[in-house]
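Hi everyone, thanks for coming. Let me put the sequence and the structure up so that we can walk through them together.

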Amino acid sequence: MGNFFEQFRVDKVPIGNLHKATQKYIEDNKEYVALSNRMLLIRVSFIIECMMAVYYVLSLTVFATWHVSGFYAANIIANGICLVFFVMRYWKREASAKETIWVCQAYQFYVMMFLAVISILPLDMESPAVYFAPLGIVFAA
């Protein structure tokens, strides 16, 4: 019968070999993968910029008692700078795969730190961290 997971396949590859197959695909298509990641970075940063703008407006009205408007405003500016950099640097331009990896990791770290801080920033135990889940889902998508 073999290993339980051997019966599962993704694109005709046994799930146990998926990691190796993925590494081989990335290595064989390094430039295409890097280009796809750069374009995804631009789209994700634009979506996050829009989401932060919506939450900024909500923080002025609906969530005004949380006093997080300044934090959102600062991050709208920071994310806007990232977005402008990504568009100027990567839109229809080549960049190394290594640079792409580093920039994606740095941006992911920035977004995750933003999410972590905004989820605990109000420091009011009665206020739910409603910001974490929506932005986390958008980032993952």
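I'll talk about the core, then a pair of helices, then one glycine.

This is a predicted model, where local features need pLDDT of at least 70, side-chain atom pairs count only at pLDDT 80 or more, and totals for chains, interfaces and linings use all residues. Residues are numbered from 1 along each chain as its sequence is written, and side-chain values use heavy atoms, with hydrogens and water left out.

The largest nonpolar core has 23 residues, and M52, Y72, F86, Y90 and Y107 touch the most other members. By such a core I mean buried Ala, Val, Leu, Ile, Met, Phe, Trp, Tyr and Cys residues joined through side-chain atoms within 4.5 Å; buried is under 20% relative accessible area, exposed over 50%, partly exposed in between, with a 1.4 Å probe and protein chains only. Two or more residues come from each of helix 2 (30-60), helix 3 (69-90) and helix 4 (97-120). Helices are DSSP runs of H or I, at least four residues, numbered from the N terminus.

Take F86: beyond its neighbours within four places in sequence, F86 contacts L41, I42, S45, W91, V103 and Y107, contact being heavy atoms within 4.5 Å.

How do helix 2 and helix 4 lie to each other? Their axes, lines fitted to C-alpha atoms over the stretch in contact, with angles from 0 to 180 degrees between N-to-C directions, come within 10 Å and cross at roughly 25°. The two are therefore roughly parallel, the term for angles under 35 degrees.

Finally, G70 sits in helix 3 and is exposed, at 51% relative accessible area. Its C-alpha lies 9.7 Å from that of L60, 10 residues apart along the chain.

How values were computed: Parallel < 35°, antiparallel > 145°, perpendicular 65-115°, else oblique.
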